[in-house]
Each structure stands twice: as structure tokens, then as C-alpha cells.
Amino acid sequence: MTMLSAPEMPTRRQSFSVVFAIELWERFGYYGMQAVLTLYLVQRLKLSDTDANVMIGAFVGLTYIMPVLGGLIGDRLLGPRRTMLIGAFILALGYVALGLASSHRALLFGAMALISSGNGLFKPNSGNLVRRIYEGDDAELDAAFTIYYMAVNVGSTISMLLTPWLQERFGPSTAFFTCAFGLVAGLLYYMWRRQWIVGAGSALDRGPWNRRTLLILSLGFVIVAGGSMVVIASPMLARLCVWGACFGIAIAWARIYRRALPEQKPGLRLTFLLCLESMAYIIFYQQQMTSLTLFALRDVDGDFRIGDWVIFHMSAGQFQALNPLWIMLGSPILAVLYKKLAQSGRDLSLAQKMVLGFGLVTGGFLIWWLAAAYTAGPVSAWVMFVGYGLISIAELLTMALGLAIIARYAPADSTGFMMGALYLLWGVAMYVGSLVANYAAVTGDAKIVSIGSTVYAPLFRDLFFAGLGLTCLLALLLPLAQRWDRVHMATQNQSIS
């Protein structure tokens, strides 16, 4: 009698490949949408710069706040795998609705609400799945998250180059439908290889669907999405939500600090300080999607030239792709540099990396200020290349260290909340960054050109001086941060021994 063999169990690498693929396509969709959204609102829907920036600020802020709820749903109600899939499906619907908004304007706010809600369900749970797949193997987990981060940059680079080109030649609807296609491609791959990931996730993913839970979540989603539509459509309400979020975080941080053990408080103080520093960077970062894109539209020559030879051309939206390109170039270089510094006993603290990051931000906006103020005619595309290089390396030294800060310094029993709070802070900062971009808002004809010296130069000048002031302030705070770090490390060593 022939014995039937049991089905072969999927390897960790196979399970990870499914999450990697759907994450790559999800980022393809999101960053492709981001690359063309500002131009779509200003050029196609004829919104003023001010209205477009405020709307984008509310939308992106909500997009970063929603993962707090999505993580809770994945952990306690549906499981990370199921929640991730539902989020991907909702994102695809959001991009389709955004594409249809060109001819059906009423769909605009609903599309944005779907995208922010879908991202909230998807983003925290895809990362959670990676953690669960490699649970118990820290070395493999670090390698997996490195590859996972590369998926974000690969997907975003391709889409940020593709969707602006599609928008210019075939219209914005084609660009947004392409973003939806990315999600569909990721979901189809999941369905093809679902046997590789069926064992991943939590017990909730492997159990039966709970109809009552689904009904409650469906009603909750309708309420949250409806509320998001109202917030995105109402600048006053968006501002109230931002102030409410800031007040809520301040109260929560005060409670955590008051209840912390004495030996935990130096680490918490350092956590609060460094989180606020990373939040400040986001205000500069948000200019990529707002003022820098509009500056590129109106005042930058998209031809990359060496002498009279044009190497290649970038449109206004495509310049945003320089950010992930520089991230991919800079990450391995910084990794080697960190290793050499550590081997020589000169490892940089997180606070020192923050100071360096703000120094690079300052340099980036100095370049843009001088180019906008003193260039006769269109600004060279190389100015954008160099400026994006500086603020992208700064991102690796500031924003990219955000979760590492919490993992290193926050008490274990509040780590989850602190990570959610950090995303919320980043959402608030993106909203503020969009308001800052309004200092270079243009009224009237969106096709107006050659206004860099009068409109964009003052904004870039002010951002340069703000960056310079923050760099000096953070340098002055370094001794305090290093003292908190030493006390924290001493208490950690004592608890281990």
C-alpha cells in the first residue's frame, strides 16, 4: 500500500517572498499616487496651491495616523494577514476612485479617505507578518527587514518615474489606475502563492471568520472613512484634529513618564527628545510632495545636461523619485561607515546622527534657496539632484531611526504605544509641513513660470535658517542627550547583571 506524503511545509523564505511581493506592489501604488497627486490637484482639478497643500496635509496626516488603528485590528480582531489583505483591497478601490474623480469630482474626498484607511490596515500588519515569520531568529529578522525596506524603495522608485510619465501622456486617470493595478498584481500573486503563507500570522488568521466581528468592523470602517472625508474636506476640522492629537500625545507621554520606574526615566526623556527631533525633520521632508514639486513644475529645467548633451529628462513629479534612489545609494555607504566607526570605538550616538541629519537638511535648502534666488532662467536639474541627495541622506540619519529610538530607549511595556505615537507625530508634522509650503503658494494661473526668485526663494531661505537654528539647538542639547544615554545604559547593564 502506497503511503501519501504530507504536504511540504513552506520555508520562511517562501513565506517572506509573498509579503515582500505584496509590499513592493503596495508601495508602487502609494508612491506612484504621491508623485502625481499635487500636480493632479493643481493642474487638472484647478485647485489653488493653498487648497491643494492643505488638503494634502490633512490626507497624508491621516494616512500616518491610521496605522495605529490598523495595528490594533490586526493584533486583536482579525489577525495581521487578513487585515493586510483587506487593506490592499481597499487601497486598490481608493486608487480607482481617485482616477474616476477627474470626471466625477464628488469622488475625490471619498477616494482619499479609502486610501488613508486602507494604508492604515495594510502598513502595520505587513511588517508584523515579517516579524512573525522570522520570530526567534534575530539575525534572519534583521536581514529580512533590510530586504523589506529595499522593497519599499524599489517599488517607490519605479512608480515615481512611471506615473508622472503616464499622467503627462495619457492623463491622471491612467496614472491612478496603474497604481490600482499594482495592488491587484500583489493580490494575484498572493492568491497564486497563498499556500506559502497560510501558516504565517497569528491564531486569529488561522481561525474561522467571526461574522459579528466583521459586522462591527465594517460599521466602524464606514464611520472612520466618513469622518476622514469630512476632515480632509474641512481645513478648520483638520486643524482641530491636529491640535487634539498633539494634546493627546502630550497627556499620554506625561502619564507614561509619571508611572515609569526611576531607572526608566532617562531613557524616556531621551525617547521624547529624539522623537520630537525626527518629527521636526518631517516638516522639511513634506516639501518634496508640495513646494518642491511645484517649484520643479514652474522653475526647473528637467533636462540633465553635461555641456550641450542632454543625458535624460525628468518631469516635475519624477523628481520625487530622487529620494528613494538616494536612499538606496546611501544606505549601504552609511552601513559600512557605521561599522568602521564602531570598530574604531567612535560609534555615533543617535543624537549625534540627528545633528548631522539636520546639517544636511540645512545644506539642501541652502542650495535650493541660492538657485531659486540667483539663477537667471530655469534652474538646472542638477540642483534638484544634489538637494534631494542631501535631504535623503538626512532622512537616513533622522526619520529612518525613529523606530530604533523607541526600541532602544522606551520601556518594553510601552513600546507598542510609543511606536504608534511616533507615526501619529509624523502625521501631524506632515500636516504642518504642508501648511509651511503655503508660504510659497501661487494664486491664479497654475501654468505661471519663472517665479522662483519671488515665491520659492523666500520659503527656501526661511527653511534654511530654520534648519540652521535646529542644527545649532540640537548640537547644544548633545551633552544633555549623551548624559541621559549614559545613565540609561548604566541602568540597563545593572538590570542585566
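Predicted model: local features only at pLDDT ≥ 70, side-chain atom pairs only at ≥ 80, totals over all residues.

Biologist: How much space lies in the second largest pocket?
Modeller: The second largest pocket holds about 460 Å³ of space, and of the 22 residues that line this pocket, those closest to its centre are I73, L121, L217, G220 and F221.

Biologist: Which elements give two or more residues to that lining?
Modeller: Those elements are helix 3 (67–78), helix 4 (80–100), helix 5 (107–133) and helix 9 (211–233), and the largest share of the lining of the second largest pocket, eight residues, is supplied by helix 9.

Biologist: And how do the residues of the pocket lining divide into nonpolar, polar and charged?
Modeller: In the lining of the second largest pocket, 15 residues are nonpolar, six are polar and one is charged.

Biologist: Changing topic, how many cavities of 30 Å³ or more does the structure hold?
Modeller: There are two cavities of 30 Å³ or more in the structure, and the largest cavity has a volume of about 40 Å³, while the second largest cavity has a volume of about 30 Å³.

Biologist: Which residues line the largest cavity?
Modeller: Its lining is made of L270, L274, S349, L350, A351, Y409, A481, Q482 and D485, and these residues divide into six nonpolar, two polar and one charged.

Biologist: Where should I look for them, in terms of helices?
Modeller: For the largest cavity, at least two lining residues come from each of helix 11 (265–285), helix 14 (350–374) and helix 18 (452–496), with helix 18 supplying the largest share, three residues.

Biologist: What lines the second largest cavity?
Modeller: The second largest cavity is lined by L273, E277, A351, V355, L474, L477, L478 and A481, and the elements that give two or more residues to this lining are helix 11, helix 14 and helix 18.

Biologist: Which helix gives the most there?
Modeller: Helix 18 gives the most to the lining of the second largest cavity, with four residues.

Definitions and conventions:
Residues numbered from 1 in each chain as written. Heavy atoms only, no water. 1 Å grid on protein atoms, 1.4 Å probe; cavity = no way out; pocket = protein on both sides within 12 Å on 5 of 7 lines; lining within 4 Å. Points joined across faces, edges and corners; volume = space filled by probe spheres on them. Nonpolar A, V, L, I, M, F, W, Y, C, P; charged D, E, K, R; others polar.
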